[in-house]
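Student: Hi! Could you walk me through this structure with me asking as we go?
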Amino acid sequence: MAIERIFKDEASEEKGERARMASFVGAMAIADLVKTTLGPKGMDKILQSTGRGREVTVTNDGATILKSLHIDNAAAKVLVDISKVQDDEVGDGTTSVVVLAGELLREAEKLVAAKIHPMTIISGYRMAAECARHALLQKVVDNKEDAEKFRSDLMRIAMTTLSSKILCQDKDHFAKLAVDAVMRLKGSTNLESIQIIKKPGGSLKDSFLDEGFILDKKIGIGQPKRIENANILVANTAMDTDKVKIYGARVRVDSMSKVAQIEGAEKEKMREKVQKIIAHGINCFVNRQLIYNFPEELFADAGILAIEHADFDGIERLALVTGGEIASTFDNPETVKLGHCKLIEEIMIGEDKLIRFSGVEMGQACTIVLRGASHHVLDEAERSLHDALCVLSQTVNDSRVLFGGGWPEMIMAKEVDELARKTPGKKSHAIEAFSRALLAIPTIIADNAGLDSAELVAQLRAEHHKEGCNAGIDVISGSVGDMAELGISEAFKVKQAVLLSATEAAEMILRVDEIITCAPRQRENRIHAWKMICTSFHQGGNFVPILTS
Amino acid sequence: MALAFDEFGRPFLILKEQEQKSRLRGIDAQKANISAGKAVSRILRTSLGPKGMDKMLQSPDGDVTVTNDGATILEQMDVDNQIAKLMVELSRSQDYEIGDGTTGVVVMAGSLLEQAEKLLERGIHPIRVAEGYEVASRIAVEHLERISQKFEFGPENIEPLVQTCMTTLSSKIVNRCKRDLAEIAVKAVLAVADLERRDVHLDLIKVEGKVGGKLEDTELVYGIVVDKDMSHPQMPKRIEDAKIAILTCPFEPPKPKTKHKVDIDTVEKFQTIRLQEQKYFDDMVQKCKDAGATLVICQWGFDDEANHLLMNRNLPAVRWVGGVELELIAIATGGRIVPRFQELTPEKLGKAGLVREKSFGTTKDRMLYIEQCANSRAVTIFIRGGNKMMIEETKRSIHDALCVARNLIRNNSIVYGGGSAEISCSIAVEAAADRHPGVEQYAIRGFADALDAIPMALAENSGLQPIETLSAVKSQQIKENNPFCGIDCNDAGTNDMREQDVFETLIGKQQQILLATQVVKMILKIDDVICPSDF
């Protein structure tokens, strides 16, 4: 009797070597996909949506690229996941983490082919990762005490992060913007209070940081355009027709005159509500919901600036900034906390009118207005700036700093190599492989810049043989340079997260020796999937599809 | 397909649409069943032990799970074959009863089936095989009892419990920080355990996970963690000595169940109803305030107006808290769940020393910690980790560790691990076989061989020579009369499991043998498989 099928019809099972190969190839293909975006000379990718409109995104942010891909390979999904987590936790290094994990697996594949058990490789990798972390810890610089130095550290980090993005032309300008914004937060990592407004038009250089709060809304007609020493009431209440909330209530009348009466009563009710709001002694009223013409007119009569339809985030942020509370009932004017600011005025950016609240009580919030040629540029600029802001806000909390330009990788590789020499047994092969994977990062940076990577990395290695060396790859001049002089720095927290999550992901994929895929659920065409078809040919011509169309 | 004929020699149908059904009978049926069972156990075999590998499972929706927990693998495997489903059930019942050893039980059943196949080929009747297995399993279970050891622990001396949990965790991906996790699991179990009645209510331990941070950041919270935040962004983020009103009614005007309509036809009515409405909101908040509550936790949503009134009266509130969490909060704080505002009294309020909101990462993620509760018997294990898969796998591993700790509190007998218990049982069963008259003798001997499969798989997964290692350990056990020799999976240099501190619970091991035997017996007794053929 032949062996029975134990799985359902379309379910499939891959075992041992085949499973391992499928996951290695998948993971490496993903790493290769984003590899070319690494470093200051990395290239961008165009992503086209299959949805209506065929929207196009141009980016070189690893997390954004990977998020948009529709991936079928299970191991590749693990990598996409770590890049997402990296984005949430530290905001930058999303490409590096995937590339490092890919390189670790590439090395592991060679070791597995040389008949070393995956478990041995894992324990070697673990030792190496721990050793690499120690090497970094010994070399960190902490300038928390010295405010001026710390600021210049932040500037350098911001410039390093931005240098690989679309903003690299104006990186000085944007680095200053980002550092100013983050310094205002005073140590909080809540990026909510930094608002980014994108307005097409002008050039990237025209972007600026505003110390107040800018609301992308218009002022009602006939209302003052400029208020000094404003008292602001932030509200979330219905200002159209106040509907009756008691369940099952309905209006039933038998004559036209009654309709008119009820309408009058309704109007009276609204008038009362407006009177109550005015009684708070305010001169600015911001509501989350609609304000109908009638109440708006009443507000205009009372000389109060009324702003309708501020979205929920805007409301929350405004309440935070001005120190008021979000109100929904207006019967107790004495207990409601009002927000204050020195000046409210309407400003023009490009052709749009916006409302600016300046001189607010809480100095933490600020607004960055981005200007640029098109929506694509602005979107990418926002992503880049977001990365820089994330990294900076994390650095403010954990002020340890490292040099950049492949310097940390070289330091780690050197220590790990030494560990490999000291370790007896098969593990040492895995440790050596770890150091090779680390070296791949400067190699890729050099390759992407069109430099002779083999030559440069070898030179770098020789330089690092000396104690206390600051050498890294200077992509601009195409040679080995002193990172301290060039002012290229990176945050320790980002590097550590890259190292640890990449090792964890590689370990997870290595431990797998069987992949069981359930029958896919039948479903109509996925409308919003991103289209990208990529296949990869493994040695021996095995055809492994990585992405589905 | 068998045909039946009536007295006139005409064929008639016994089964409905019998030509469309496939049927297997006799020895063919048994062999087909056995091979299906073996196929399932072969999948799990490589996951056994501290050096076991993981499986990657892709669900119908494309989500990926990476695990080496037997029960989880089988559950998500999308199995079609009937016998394979029995094996899935087997692992699940081990999971429900014991919580650990879900892989071992399937591997055990697989090797019992393998032995049975050989016996069937020699012409032994399946029922005799089944009976022989039954006898052998009884011998093995009794033998386990003999070699088991009691060990002492108490609220002060938790080290032995931690050691056992570490054995369980060492086969999982989290083995990097097994020490920390084992301690967390043991402390959590001891916090909710009733040591006098030897009872543990695992429902009181809530396992919550959040992506981000390191595995080392995993913590045990003596209280409840809820994935919710305050209903109004400006409510206080920290409340000390909170008196909590736990409500299951929304802060909204009432919705009577009877169908009704309120007709408004005059201006007066319109105004009265408006006043009524305002009063209603006011009353609700006032009732909470009157009862003395300083925090309201509600299962339902709030109207904007009510929300602001709560804020205005300085009464922080949390909305949309799930039913299970609500119950846990009620247990922990000693409060009562109140379904109507009218029934709110000061005695029904729960008490907690500290309620605080904590935010994570760069995104807007907040969670609510309720700590220092009146009744500290509800705890939360809060897991952090690199990605979602890691968190899910950690949750499963923690669950296993919790179950092991619970079993030890119920029954503090242990047997040593690393395959030593199986080898020792195998020797005992082998010896007993010779004394047993009748054909069952062969089945009993087969059982002894099947027991060897577990240490064999352990050795194989650890990269050792399986047969060589097993025979060496076996002879050592007999020579030194020492039932604690096992497979040295971690390369620690000794075979004595007492020195390696590898042990498992007695009831877990016994249950494994009993459950595996039962399922195998059931499979052996099937001699006819009728199923609709789908082709």
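What follows is a chat about a predicted model, starting with the contact between the chains.

Student: How many residues does each chain bring to the contact?

Tutor: Chain A gives 82 residues and chain B gives 82 residues.

Student: And what area is buried between chain B and chain A?

Tutor: About 7500 Å² is buried there, with carbon and sulfur atoms giving 55% of that area.

Student: How many salt bridges cross that interface?

Tutor: The rule finds two across the interface of chain B and chain A. One of these joins A:Asp513 to B:Lys55, and their closest N and O atoms are 2.6 Å apart.

Student: Which elements of chain B touch chain A?

Tutor: Those giving two or more residues on the chain B side include the helices α1 (26-45), α8 (267-291), α9 (304-312) and α11 (388-410). The strands β4 (54-58), β5 (64-67) and β13 (262-264) are on that list too.

Student: Which one gives the largest share?

Tutor: That is α8(B), with eight residues on the side of chain B that touches chain A.

Student: How does that side divide into nonpolar, polar and charged residues?

Tutor: The chain B side has 31 nonpolar, 27 polar and 24 charged residues.

Student: How many residue pairs are in polar contact between the chains?

Tutor: The count is seven between chain B and chain A, with both residues of a pair at pLDDT 80 or more.

Student: Changing topic: how many salt bridges are there over all chains?

Tutor: By this rule the count is 51. Among them, A:Arg151 pairs with A:Asp180, and the closest N and O atoms are 2.8 Å apart.

Student: Where in the chain do those two sit?

Tutor: A:Arg151 is in helix α6 (residues 147-163) of chain A and A:Asp180 is in helix α7 (residues 171-185). They are 29 residues apart, so the bridge links distant parts of the chain.

Student: Last one: which residues form a nonpolar patch on the surface?

Tutor: A:Val251, A:Val253, A:Met256 and A:Val259 do, and together they have about 360 Å² of accessible area. A:Val251 lies in strand β9 (residues 249-251) of chain A.

Conventions. Residues numbered from 1 in each chain as written. Chains lettered and ligands numbered in written order. Predicted model: local features only at pLDDT ≥ 70, side-chain atom pairs only at ≥ 80, totals over all residues. Heavy atoms only, no water. Patch = residues over 30% accessible without salt bridge, like charges linked within 9 Å, V, L, I, M, F, W, Y side chains within 5 Å. Areas by Shrake-Rupley, 256 points an atom, 1.4 Å probe, with all protein chains shown as cover. Salt bridge = Lys/Arg side-chain N within 4 Å of Asp/Glu carboxyl O. Helix = DSSP H or I, 4+ residues; strand = E, 2+ residues; numbered from the N terminus. Contact = heavy atoms within 4.5 Å. Buried area = accessible area lost by both parts, 1.4 Å probe. Polar contact = N/O pair within 3.5 Å; in protein donor to acceptor, adjacent residues only side chain to side chain. Nonpolar A, V, L, I, M, F, W, Y, C, P; charged D, E, K, R; others polar.
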